[in-house]
Amino acid sequence: MEAGYDILNVDAGTYDSWYWNHPPMYFEKGMYREFGKILKKEVDVPIILAGRMDDPDMAVEALGTCCDIIGLGRPLLADSELPMKIQAGKLDEIRPCISCQQGCLARLSQGLPLSCAVNPSCGREEETKLTPALCKKNVLIIGGGLAGMEAARVCALRGHKVTLLEKSAYLGGNVRPGSVPDFKEDDRHLIEWYKTQLGKLPIKIKLNCSADRETAERSNADAVIVATGSNPIKLDFGNKNHIYAAEELLLCPENAGKDVVVIGGGLVGCETGLWLKRMGKNVTIVEATPQILGGGADMCFANYDMLKDLLAFENIPVLCSTKVTAVDDNSVTVQSEKGEDKINADTVMLAVGYRPNAALYDELRGCGKEIYNIGDSRHVHNIMSAIWDAFQVAREL
Ligand SMILES: Cc1cc2nc3c(=O)[nH]c(=O)nc-3n(C[C@H](O)[C@H](O)[C@H](O)COP(=O)(O)OP(=O)(O)OC[C@H]3O[C@@H](n4cnc5c(N)ncnc54)[C@H](O)[C@@H]3O)c2cc1C
Ligand SMILES: Cc1cc2nc3c(=O)[nH]c(=O)nc-3n(C[C@H](O)[C@H](O)[C@H](O)COP(=O)(O)O)c2cc1C
């Protein structure tokens with residue numbers, strides 16, 4: 001922040017009052033607009049402003065007051081046709097950047113070529129160009145999360161005859177609960193983008209349809225793509241009905257009381273804890289290992305730093321190297337090097353990871369059809385790996 005004052009050479013007070021009146025989102029849209037506004041008063045050269053400027057209404061409003069030209073970085077990696085789509089009024093056609101930075105910055109920092117989590121062909125467009133399938137197949141896709149939807153989209157684009165079965169009443173899988181917090185709005189847009197794309201393709205989608213081995217065997221499918229996702233890991237603290245998985249609070253916030261202890265300081269625990277705190281709950285995050293978010297090992301460093309800072313900004317106590325040893329009706333008992341302690345809790349949220357839901361894939365192997373397992377049911381990971389997995393299988397099928 002100090003450096004910011006130097007660069008802008010503006011009164012620190014101006015920036016401070018704006019900053020504290022705008023508690024930061026998790027990389028909010030148009031986050032540099034205030035800097036642009038300050039700069040605009042100081043310089044008489046055109047200002048190009050970037051920083052999540054992919055909301056067209058917000059961008060238009062910023063022109064003239066905060067900047068003269070809109071710069072787009074990551075949104076063009078997600079969808080290089082974004083400007084043309086805005087010009088044509090086809091806003092629902094824009095594949096949204098979700099600011100995860102998993103495919104762009106994180107890959108660069110690992111020495112890998114730049115790409116995009118939601119657009120696997122970014123940076124290798126020629127190599128991954130979709131070609132019509134030589135042999136058109138009946139493809140049955142089981143699971144309507146992002147992996148299933150990406151597989152359906154790419155298979156249909158290549159001319160396969162696709163049926164997608166989803167056991168719940170909704171498409172989107174774990175991204176539905178995951179996108180409930182306001183700072184995950186682009187994940188919601190991503191689900192909507194997939195629904196729009198699937199709606200334009202000749203894909204048979206059946207919701208409320210749980211598939212089993214028989215469903216797959218009796219179908220006329222030549223190939224079955226299993227995309228059945230994951231199940232949350234449960235810890236046994238006895239039969240306590242105030243212990244919830246993150247999804248059960250995200251999709252049903254009224255389940256949360258006033259004092260919430262989050263067990264597990266991974267991405268799901270930290271983001272959901274932040275969301276609960278902003279809803280006015282008293283939140284404590286308890287993490288068994290020495291660092292939350294795995295020390296940033298599996299996240300882009302920028303998102304890791306930001307999320308850690310936001311937890312501190314919201315004064316959320318984070319107890320690392322600490323284990324929950326018991327859950328009672330109104331408290332949890334924790335154990336650390338410092339000894340045993342009790343924390344008030346009328347609600348406990350479990351966020352200790354997910355296991356692949358691969359039972360159906362295991363049952364189907366060897367059934368005489370081509371079988372693939374993609375996304376979290378193959379390896380529990382993230383949005384990028386679900387989409388990339390699906391893209392790879394579907395473009396080669
Ligand atoms: C709360 C939360 C927040 C998250 N936040 C992020 C994040 O910020 N960034 C990120 O990269 N990742 C995040 N993740 C992880 C990410 O959501 C998953 O990696 C991704 O959704 C995996 O996609 P998938 O399609 O493989 O599985 P899922 O999304 O789990 O979808 C599987 C689908 O299969 C359906 N299904 C299961 N069995 C059957 C059956 N027998 N028949 C028919 N349908 C079936 C399920 O109902 C579900 O809709 C989050 C996860 C959670 C839970
Ligand atoms: C993969 C990647 C590489 C970047 N490299 C640089 C850089 O070398 N120098 C720089 O000033 N900004 C860099 N940036 C920041 C961008 O210029 C831009 O300010 C930022 O991405 C915000 O805009 P956006 O939301 O449109 O992506 C980079 C951003 C990304 C995603």
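A residue is taken to surround a ligand when one of its heavy atoms lies within 4 Å of that molecule. By this criterion, 33 residues surround ligand 1 in the structure shown here, which is a predicted model. The closest of these residues are Glu166, Asn174, Lys184, Asp376 and Ile383.

Sorted by class, the shell around ligand 1 comprises 14 nonpolar, 14 polar and 5 charged residues. Backbone atoms of the protein take part in several polar contacts with this ligand. An oxygen atom of ligand 1 sits 2.8 Å from a polar backbone atom of Asp376, a residue that is also listed among the closest to the ligand. A nitrogen atom of ligand 1 is found 3.1 Å from a backbone N or O atom of Lys167, and a backbone N or O atom of Ala227 is 3.4 Å from an oxygen atom of the ligand. Taken alone, ligand 1 exposes 1000 Å², of which the protein buries 91%. Helices H8 (146-157), H9 (175-178), H13 and H16 (383-396) are the elements that each give two or more residues to this shell. The largest share, 3 residues, comes from H13.

The crossing of H13 past H14 is left-handed. On the H13 side, the contact is made by Leu267, Cys270, Glu271, Leu274 and Arg278, while H14 supplies Leu307, Leu310 and Leu311. Of the residues in this contact, 6 are nonpolar and 2 are charged, with no polar ones.

Turning to ligand 2, the surrounding residues are Ala50, Gly51, Arg52, Leu72, Gly73, Arg74, Pro75, Cys104, Leu105, Leu108 and Leu114. In terms of class, 7 of them are nonpolar, 2 polar and 2 charged. Here too, the backbone comes within reach of ligand oxygen atoms. For Arg52, a backbone N or O atom lies 2.6 Å from an oxygen atom of ligand 2; for Gly73, the corresponding separation is 2.7 Å. A polar backbone atom of Gly51 is 3.1 Å from an oxygen atom of the ligand. Ligand 2 exposes 610 Å² when taken alone, and the protein buries 52% of that area. Two or more residues of the shell come from each of helix H5 (74-78) and helix H7 (105-109).

Technical notes. Residues are numbered from 1 along each chain as its sequence is written. Chains are lettered from A and ligands numbered from 1 in the order in which they are written. This is a predicted model: local features need pLDDT of at least 70, side-chain atom pairs count only at pLDDT 80 or more; totals for chains, interfaces and linings use all residues. Side-chain values use heavy atoms; hydrogens and water are left out. A crossing is left-handed if the near helix is turned anticlockwise from the far one by less than a right angle, and right-handed if clockwise. Helices (H or I, at least four residues) and strands (E, at least two) are DSSP runs, numbered from the N terminus. Contact means heavy atoms within 4.5 Å. Ala, Val, Leu, Ile, Met, Phe, Trp, Tyr, Cys and Pro count as nonpolar, Asp, Glu, Lys and Arg as charged, and the others, Gly among them, as polar. A polar contact is a pair of N or O atoms within 3.5 Å; within protein, one must be able to donate a hydrogen and the other to accept it, and residues adjacent in sequence count only if both atoms are side-chain atoms. Accessible areas come from the Shrake-Rupley method with a 1.4 Å probe; for residues, only the protein chains shown count as cover.
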